[in-house]
Amino acid sequence: MLDRIRALLTDPPPAHAFEFSPAGIAWFAEGRTGFEPLPEGALKASPLEDNFADPAAVETAFRRIAPPDPKNKIRPCVAILPDFCARLTVLDFDNLPGKREEQASLIRFRLKRTLPFDVDAAALSFETQPGGAVVAAVSFEILARYEQLLRSAGFHPGLITLSTLAALDNVAPSPGWTVWTRVSDRVLSIAAMENERLRLTRFVELSDSSEDEIASVVEPTLAYLEDEFGAADVRVLRSERSNDAGLAGYLSARKAA
């Protein structure tokens with residue numbers, strides 16, 4: 001009976017989800033999935049520049065997979081943005097204030113000198129964890145471009161997240177250390193977890209995405225984890241998915257829920 005009551009009081013998950021990348025738009029719509037490629041250079045993931053280098057091409061591609069609702073209803077959706085258009089970091093704190101507003105102020109202060117954009121002109125989201133917080137920040141101007149595209153097509157982005165955060169829902173929990181890696185559009189994403197706690201993230205723009213170049217980033221990261229945290233036995237996972245890993249992780253979490 002309690003489960004039925006909770007189900008009645010809980011909003012169902014959105015029937016639409018979209019993951020954006022320079023290669024294209026991965027989508028989920030009412031049980032179906034697909035991928036709509038974008039012309040080369042139409043979308044460029046950047047924390048500083050307008051991501052829509054060719055807005056008309058991005059809008060045309062989006063309308064092919066998500067035409068306007070004939071009844072003009074506003075449809076809730078999930079938007080998954082490229083890792084490289086924002087900043088995702090793990091901050092360590094000896095003590096965090098109890099109030100959410102005070103936590104946000106302290107986190108913004110810590111980020112002032114590390115972000116490539118003005119933290120006071122950025123959307124900030126964070127989740128506390130033992131010893132610190134996982135923080136995502138994106139410039140209002142960058143975020144507004146994605147929101148505008150979705151809203152103009154009749155969608156309400158109730159949840160906006162980053163590809164790596166969504167993709168980690170598809171990584172099976174394991175005791176000890178796990179390092180998850182993925183290359184998407186010449187960006188190497190690395191997430192290090194101790195048990196289920198996120199301890200480190202790195203996003204590196206590659207020149208040629210060769211195995212040697214990837215190893216030149218991953219191996220020093222493993223050495224740092226061993227020196228800093230004593231992580232000697234690390235499980236290294238490499239995602240075979242590139243431009244839809246976040247969508248796959250979101251769907252995995254949605255199914256589990």
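Which side chain of opposite charge is nearest to E19, and how far away is it? Keep the question in mind while you open the model, which is predicted.

**Stop 1: E19**

Select strand 1, residues 16-21, and find E19 in it. Now show R182: this is the nearest side chain of opposite charge, and it is 4.1 Å away. E19 is buried and has no salt bridge. The cut-off explains why the pair with R182 is not counted: a salt bridge needs a side-chain nitrogen of Lys or Arg within 4 Å of a carboxyl oxygen of Asp or Glu.

Next, show the backbone of G246. The side chain of E19 reaches the backbone nitrogen of G246 at 3.1 Å.

**Stop 2: helix 3**

Select residues 100-111, which form helix 3. This helix has twelve residues and reaches 16 Å from its first C-alpha to its last, close to the 16 Å expected at 1.5 Å a residue.

Which residues of helix 3 are buried? Colour Q103, A104, I107 and L111: these are the ones. They cover an arc of only 100 degrees around the axis, so they lie on the same side of helix 3. Turn to the other side of helix 3 and you find E101, S105 and F109, which are exposed.

**Stop 3: salt bridges**

Side chains of opposite charge can pair when their charged atoms come close. How many salt bridges does the structure hold? There are nine, and the tour visits some of them.

Select R145 and D50, whose closest N and O atoms are 3.1 Å apart in a salt bridge. R145 lies in helix 4 (residues 140-152) and D50 in the loop between strand 3 (32-37) and helix 2 (55-65), so the pair ties together parts that are 95 residues apart in sequence. R145 is partly exposed, with a relative accessible area of 23%, and D50 is partly exposed at 40%.

Go on to K44 and E49, a salt bridge with its closest N and O atoms 3.8 Å apart. K44 is partly exposed at 45% relative accessible area, and E49 is partly exposed at 44%.

End at K112 and D120. They form a salt bridge, with the closest N and O atoms 3.1 Å apart. K112 counts as partly exposed, at 45% relative accessibility.

Note on methods. Residues numbered from 1 in each chain as written. Predicted model: local features only at pLDDT ≥ 70, side-chain atom pairs only at ≥ 80, totals over all residues. Heavy atoms only, no water. Helix = DSSP H or I, 4+ residues; strand = E, 2+ residues; numbered from the N terminus. Expected span 1.5 Å × (residues − 1). Buried < 20%, exposed > 50% of the residue type's maximum accessible area, 1.4 Å probe, protein only. Arc of directions from axis to C-beta. Lys, Arg positive; Asp, Glu negative; His and termini not counted. Polar contact = N/O pair within 3.5 Å; in protein donor to acceptor, adjacent residues only side chain to side chain.
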